[in-house]
Amino acid sequence: MVAENLIASQEVLELLLQIAAEYGIDKPYVVGGKVRDFVMKPGEPSDDIDLTTLSSECVRLGILLAAKTNPTFRMFEDRHVRVFHAGNNLDFSPGVLSWSHHGVIDWLEANAPDKLEFAESFSRDFTINTMHQDIITGEVFDPTGLGMKDAESKIVRTALPPEIAIKNDPRRIFRAIRLAAQFGMSIDDKISDYVKDNSEIILDPKLTTQYMTTEVNKAFEFNAENSIEHIFDMGLFKIIPLTGSYSKYLIKNKLLQKYLG
């Protein structure tokens, strides 16, 4: 039997535990959005399931699951594996194996050497997405020591300094805006200041126009006022393409001339 909030995925999660035991793989935990939603209790919890073993074995676990059950799976450029199994999207994190996570180990060695075993957690985007949940007991633990606190305080904060976390993946800028709008949160000033002072980061090829507009329009559908506040704070007002809910908001609130000026 699995934790109550994971019942809908019980079959595949129990199979994962069996595979891990059979192949001597470190114990898998649910991490990321599913745990965040369990703690913060939104109206529409995430359907996707992120998994970690706190080691490189996590990717192997995902591939073994696909081999045993023959579902479709995909390996992405950052080396994480997504398995499509019976209506579930299961993401297996490569953690610091990913070439996109520069500087994580160096920062931990210099600032928190006692946390090195949780390097995968610190490589994640925001503290609210670093909390882990035991698949069976449902117990939630907080490797960074910040996830629970920031969930309660409703602040979107990077697990590492933004010059590492945001630079490694600029898509996190717009993910932060969407999460803040979705959960009624503020965004840490360190993120806003970093983006404002390093506007060239928007040109990173990982940050496509499609990704930017998709996240912004989701954000405006959740909470337009929250979204526009953070967009102004980060100096992104004229950078975001004029489409969808963003465009409608600017027109409705007579901000189009300011945008075009």
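This is a predicted model: local features need pLDDT of at least 70, side-chain atom pairs count only at pLDDT 80 or more; totals for chains, interfaces and linings use all residues.

Me: OK, and which strand does Ile49's side of that come from, and how do the two strands run, parallel or antiparallel?

Reply: That's β2, residues 49–52, and β2 runs parallel to β5, with 3 bridges joining them.

Me: What about β4 and β5, parallel or antiparallel?

Reply: Antiparallel, over 5 bridges, with β4 covering residues 81–85. Leu90 turns up here too, as the bridge partner of Val83.

Me: How many residues sit between the strands in the hairpin of β4 and β5?

Reply: There are 2, and Ala86 takes a positive phi near 50° in that hairpin.

Me: Is β5 mostly covered or uncovered?

Reply: Mostly covered: of the 5 residues in β5 (88–92), 4 are buried.

Me: Switching to helices. At what angle do α1 and α3 cross?

Reply: Roughly 110°, with the axes of α1 (residues 10–22) and α3 (residues 57–69) coming within 10 Å. Since 65 to 115 degrees counts as roughly perpendicular, that is therefore what α1 and α3 are to each other.

Me: Right-handed or left-handed?

Reply: α1 passes α3 in a right-handed crossing.

Me: Which residues meet there?

Reply: From α1, Val12, Leu15, Leu16, Ile19, Ala20 and Glu22; they meet Leu61, Leu64, Leu65, Lys68 and Thr69 of α3. The residues of that α1 and α3 contact split into 8 nonpolar, 1 polar and 2 charged.

Definitions and conventions:
Residues are numbered from 1 along each chain as its sequence is written. Side-chain values use heavy atoms; hydrogens and water are left out. Buried means under 20% relative accessible area, exposed over 50%, partly exposed in between (1.4 Å probe, protein chains only). Two strands pair if DSSP finds at least two bridges between them. Axes are lines fitted to C-alpha atoms, for helices over the stretch in contact, and angles run from 0 to 180 degrees between N-to-C directions. Angles under 35 degrees count as roughly parallel, over 145 as roughly antiparallel, 65 to 115 as roughly perpendicular and the rest as oblique. A crossing is left-handed if the near helix is turned anticlockwise from the far one by less than a right angle, and right-handed if clockwise. Contact means heavy atoms within 4.5 Å. Ala, Val, Leu, Ile, Met, Phe, Trp, Tyr, Cys and Pro count as nonpolar, Asp, Glu, Lys and Arg as charged, and the others, Gly among them, as polar.
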